[in-house]
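Here are some notes for your review of the structure below. Please read them with the coordinates open.

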Amino acid sequence: MGVISNGTTLLDAGALDSGIATGAMTLIKTLTASSSGTLSFVHGASSVVLDGTYKEYVFKIINIHPSESASFTVGFRDGSTAYDATKTTTYFRAYHQENAGGAVLAYDTGFDLAQSTAFQDMTGDSVITDNDSGISGILHLYDPSSTTFVKHFRTDINSIKAGSSPEMKNSYSAGYCNVTAAIDAVQFKMDSGNMDSGTIKMYGIK
Amino acid sequence: MGLISNGTTIFDAGAMSLGGGMSFMKKLTASSSATLSFVSGSGGVDFTSHKEYVFTFNNIHPSANDGLFQMNVSIDSGSNYNVAKTTTHFRAYHFESGDSGLGYQAGDDLAQGTGVQVLINSEMGNDNDQNCGGTLHLFNPSSTTFVKHFISNINYTTANDTSTQCFVAGYANTTSAVDAIQFSMSSGNIDAGVICLYGIN
């Protein structure tokens, strides 16, 4: 059933008409982990739009809980079937332990990339698997469909690292996929084990 | 009554399920306010309906020249703001006169502290044109499984005339639902300014 008001179609076939103002941030897709090896947002699959429709895409990571102590990572696909777009990135973090240890801000060369096809580590080391400990944060991806420019991205992630005292870690990674091919898919995974539970939401920004 | 089109629910229970991903929920305007509090179940605030909430700070202006903008959270609907938090805090600054720097603020973080978390690291100026602006993200406050992560990013003018950007992040170390959040100044009050609350669908 559609809805028409004063000759203008407001909605039809399960969707709002494209002329209806809906706000600048549009929820595109929600994926929920359930012992998942990967969570992938692929353009054209399962209602995912990852093309020139939007100039920016935002991924919200909410309480990803790993099955084992591991790093939370992201990879980008640039035309092949693999998530192996070449990246150059930076990584720095602040951390502070529950027993007041740490309290450090520093660049960590162990988790940046220099023209690497590997996944980007977004938590900078393994996170704790306690039942109440999840990973939450945000990833921005800019203009992935451009065939002119490299593709910038940046992340801001909270996690809790295992150790003698649990360690709050606020990680910032940023960089670019050094390709002019369009990025048409984004994949999240732990670098070992799986994502036991949690949610990742994808938005388009007008 | 709901409205379903082609098998997709468009409207139901007074809400639209399609459209924008960011829903405005509440605006509080300071007027010599000692505190500004968002309490779930009061005044249209609902901390159970979304997986993420964003607070925006617009032109927060302090009454005193020596106050820090700060926050705390509650698990008893605002009766007490005293949840244990472990946090990090770093900032970049630049004096109008030229000096600049970047560093961790060890005195402004918390290690299982139940007191307020300062969202800026030094006194905010109260000249008429001085203020702070920024955002705070709060993830899944209604969870009864996970600790509650938050991330804040604020720029402000200090009393000694710097532009300072503060990055505060951490978690409320509780598996009880967080159902209220309160903002205040460490000295004086919030003379003026607006805090808006959004739910992220």
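This is a predicted model: local features need pLDDT of at least 70, side-chain atom pairs count only at pLDDT 80 or more; totals for chains, interfaces and linings use all residues.

The numbered points below go from chain A to its sheets, then to the interface and to single residues.

1. Chain A contains zero helices and 15 strands. Its C-alpha trace extends over about 65 × 35 × 30 Å along the principal axes. Of the 206 residues in chain A, 51% count as buried. Taking contacts in chain A between residues at least 6 apart in sequence, 74% of them connect residues at least 24 apart.

2. Open sheet in chain A. Four strands of chain A make up an open sheet, with the order β5-β14-β7-β10 and antiparallel pairing. At the edges are β5 and β10 (120-121) of chain A, each of which pairs on one side only. Four bridges link β5(A) with strand β14 (residues 185-190) of chain A, again in the antiparallel sense. Within this pair of strands, V42(A) is opposite A185(A) in β14(A).

3. Open sheet in chain B. Here too there is an open sheet of four strands, in the order β5-β15-β7-β11 of chain B, and the pairing is antiparallel. Its edge strands are β5 (35-39) and β11 (117-118) of chain B, each pairing on one side only. Strand β7 (residues 69-74) of chain B is joined to β11(B) by two bridges in the antiparallel sense. Q70(B) is the residue that stands opposite V118(B) in β11(B).

4. Hairpin in chain A. Strands β8 (residues 87-97) and β9 (residues 102-107) of chain A run antiparallel and are joined by five bridges. A94(A) faces L105(A) of β9(A) across the pair. Four residues lie between the strands of this hairpin, and A100(A) has a positive phi near 80° there.

5. Extent of the interface. How many residues of each chain are in contact with the other? For chain A the number is 47, and for chain B it is 45. Together the chains bury about 3400 Å², of which 67% is on carbon and sulfur atoms. N63(A), E98(A) and D132(A) account for 17% of the area that chain A buries against chain B, more than any other three residues.

6. Polar side of the interface. One salt bridge is counted between chain A and chain B. It is formed by E52(B) and K60(A), whose closest N and O atoms are 2.8 Å apart. On the side of chain A that touches chain B, the residues comprise 23 nonpolar, 18 polar and six charged.

7. Positive phi at two residues other than glycine. Most residues other than glycine have a negative phi. S46(A) is not a glycine, yet has a positive phi of about 55°. S46(A) lies in the loop connecting β5 (39-42) and β6 (56-66) of chain A. With a relative accessible area of 53%, S46(A) is exposed. In chain B, N59(B) has a positive phi near 50°. N59(B) is located in strand β6 (residues 52-62) of chain B. N59(B) is exposed as well, at a relative accessible area of 51%.

8. A loop serine in chain B. S143(B) belongs to the loop between β12 (132-139) and β13 (148-157) of chain B. Is S143(B) buried or exposed? It is buried, because its relative accessible area is 8%, and buried means under 20%. Leaving aside residues up to four places away in sequence, S143(B) touches N63(A), K148(B), T175(B), S176(B) and A177(B). N63(A) is also one of the three residues named under the interface area. The side chain of S143(B) comes to 3.0 Å from the backbone nitrogen of T145(B). The C-alpha atoms of S143(B) and T174(B) are 9.5 Å apart, although 31 residues separate them along the chain.

Methods: Residues are numbered from 1 along each chain as its sequence is written. Chains are lettered from A and ligands numbered from 1 in the order in which they are written. Side-chain values use heavy atoms; hydrogens and water are left out. Two strands pair if DSSP finds at least two bridges between them. Contact means heavy atoms within 4.5 Å. Buried area is the accessible area (1.4 Å probe) that two parts lose on being put together, summed over both. A salt bridge is a side-chain nitrogen of Lys or Arg within 4 Å of a carboxyl oxygen of Asp or Glu. Ala, Val, Leu, Ile, Met, Phe, Trp, Tyr, Cys and Pro count as nonpolar, Asp, Glu, Lys and Arg as charged, and the others, Gly among them, as polar. Buried means under 20% relative accessible area, exposed over 50%, partly exposed in between (1.4 Å probe, protein chains only). A polar contact is a pair of N or O atoms within 3.5 Å; within protein, one must be able to donate a hydrogen and the other to accept it, and residues adjacent in sequence count only if both atoms are side-chain atoms.
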